[in-house]
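Hi everyone, thanks for coming.

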Amino acid sequence: MTITGVDHTPEVLTVRWQDGAATRFHAIWLRDNAQGAAFRHPGNDQRLFDLTEMPDDIEIADARIVAEGLEIRFAPDGAVSVFAAGYLREHAYDRAAATPDQPVWGAELGGRLTRHAYDAVRQNPSARKAWLDDVTTDGIALLTGVPAVEGKVCEVAELFGFVRETNYGRLFEVRSEAQPINLAYTPVGLNVHTDNPYRSPVPGLQLLHCLTNAAEGGDSVFVDGFRCAQKLRAEAPDAFALLSRHRAPFRYRNAETDLSNRTAYIETDETGRIAAIRYNNRSAAPLDLPFEVMGEFYAALRRFSRLLHDRDGEMRLRLEPGDLVTFDNERVLHGRTGFSGGARHLQGCYADKDSLRSMATVLSRKSA
Ligand code: NM2
Ligand code: OGA
Ligand code: ZN
């Protein structure tokens with residue numbers, strides 16, 4: 001994008017673009033982000049100075065279009081920086097504050113879910129990126145053909161990041177056990193939930209790898225929690241406000257462990273956009289909200305819970321040996337139907353979203 005014009009006052013620079021847009025930048029923002037070896041380390045591009053080392057009364061003394069972009073001279077320190085047009089366009093912040101809601105899905109996702117092949121994802125950067133992008137966009141992606149071998153789930157996490165070890169181990173075994181420390185380790189059906197809301201921070205991603213599924217039942221259910229929260233906000237804005245304003249306690253304990261955390265059922269960011277969902281009926285601790293709030297909070301939570309359990313939102317999927325789902329544990333809820341008869345064995349692990357996004361960005365850099 002080319003710069004077609006520029007003006008400035010001492011405090012504000014206005015850049016006009018080829019497409020007719022105009023974006024303003026504060027003098028202090030430009031000085032703070034000054035480019036070049038005087039301001040940033042040439043090897044790693046990290047900033048070499050602190051805000052306190054800049055003069056208090058930064059002004060734009062001069063701005064002119066040059067071959068490389070825009071050259072700006074600051075007063076009173078005489079600093080000079082050349083900004084590439086692309087840099088200013090990428091970081092422009094002079095725009096409407098409202099960000100639109102994320103695209104969300106319901107039951108129909110089952111019909112269009114991509115079956116990413118494990119071998120391709122392992123060997124081919126663009127296939128790997130496509131898989132990771134699905135996790136970011138839909139909050140869930142399916143890998144097929146992952147050898148049904150113990151420990152593979154950790155190798156899959158290592159294709160983009162690092163395993164997040166917890167009290168359940170580096171990986172956890174989901175199968176019916178004689179002494180189950182968690183309801184997940186029984187054959188009982190599990191309501192849709194997000195894992196580990198009692199942990200701080202809550203794990204951002206969960207991977208579940210199917211090794212055996214010869215049982216009757218044991219089908220998986222996934223629900224887009226963002227879709228349900230968007231619906232709640234449209235239908236009952238007061239209920240939405242209660243669930244995003246108040247944090248609720250969650251707890252998990254056994255002989256070796258006692259974890260507790262307070263977190264909102266619906267987290268919003270500073271623009272009001274839905275940022276995270278936590279919901280786990282098994283580990284919700286006794287609510288301790290003010291007496292005056294308790295009644296209406298329960299009403300709001302039940303309303304949200306009904307939306308989360310609505311059949312229209314459920315993507316049902318039967319995991320077969322070799323299938324592996326990776327999902328955003330702060331967006332997509334998961335559950336399963338009860339099972340009996342034959343064996344059922346999944347292995348799971350947790351990981352963080354930041355490394356996944358980092359890997360996707362690095363992969364796009366390579367293909368660009
Ligand atoms: N497991 C499967 O968050 C939860 O307590 C759900 C987690 C035991 C690691 C189950
Ligand atoms: C879990 C869980 C789902 C399943 O392990 O946290 O929810 O399909 N398991 O067994
Ligand atoms: Zn779970």
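I'll start with the pocket, move on to the ligand, and end with the cavities.

First, some housekeeping: this is a predicted model, where local features need pLDDT of at least 70, side-chain atom pairs count only at pLDDT 80 or more, and totals for chains, interfaces and linings use all residues. Residues are numbered from 1 along each chain as its sequence is written, chains are lettered from A and ligands numbered from 1 in the order in which they are written, and side-chain values use heavy atoms, with hydrogens and water left out.

So, the largest pocket. A pocket here is an open set of points on a 1 Å grid over the protein atoms alone, where a 1.4 Å probe fits, with protein on both sides within 12 Å along at least five of seven lines; lining residues have an atom within 4 Å of a point. The largest pocket holds about 410 Å³ of space, a volume being the space filled by probe spheres set on the points, which are joined across faces, edges and corners. It has 28 lining residues, and the closest to its centre are Asn 182, Ala 184, His 193, Asp 195 and Arg 282.

What sits in there? Ligand 2 does, meaning that more than half of its atoms lie within 2 Å of the pocket's grid points. Among the residues around ligand 2 are Val 174, Leu 190, His 193, His 334 and Arg 344, each with a heavy atom within 4 Å of it.

Finally, the cavities, where the probe fits but cannot get out. How many are there of 30 Å³ or more? The structure holds two. The largest has about 50 Å³ of space, and its lining includes Val 135, Asp 328 and Arg 357.
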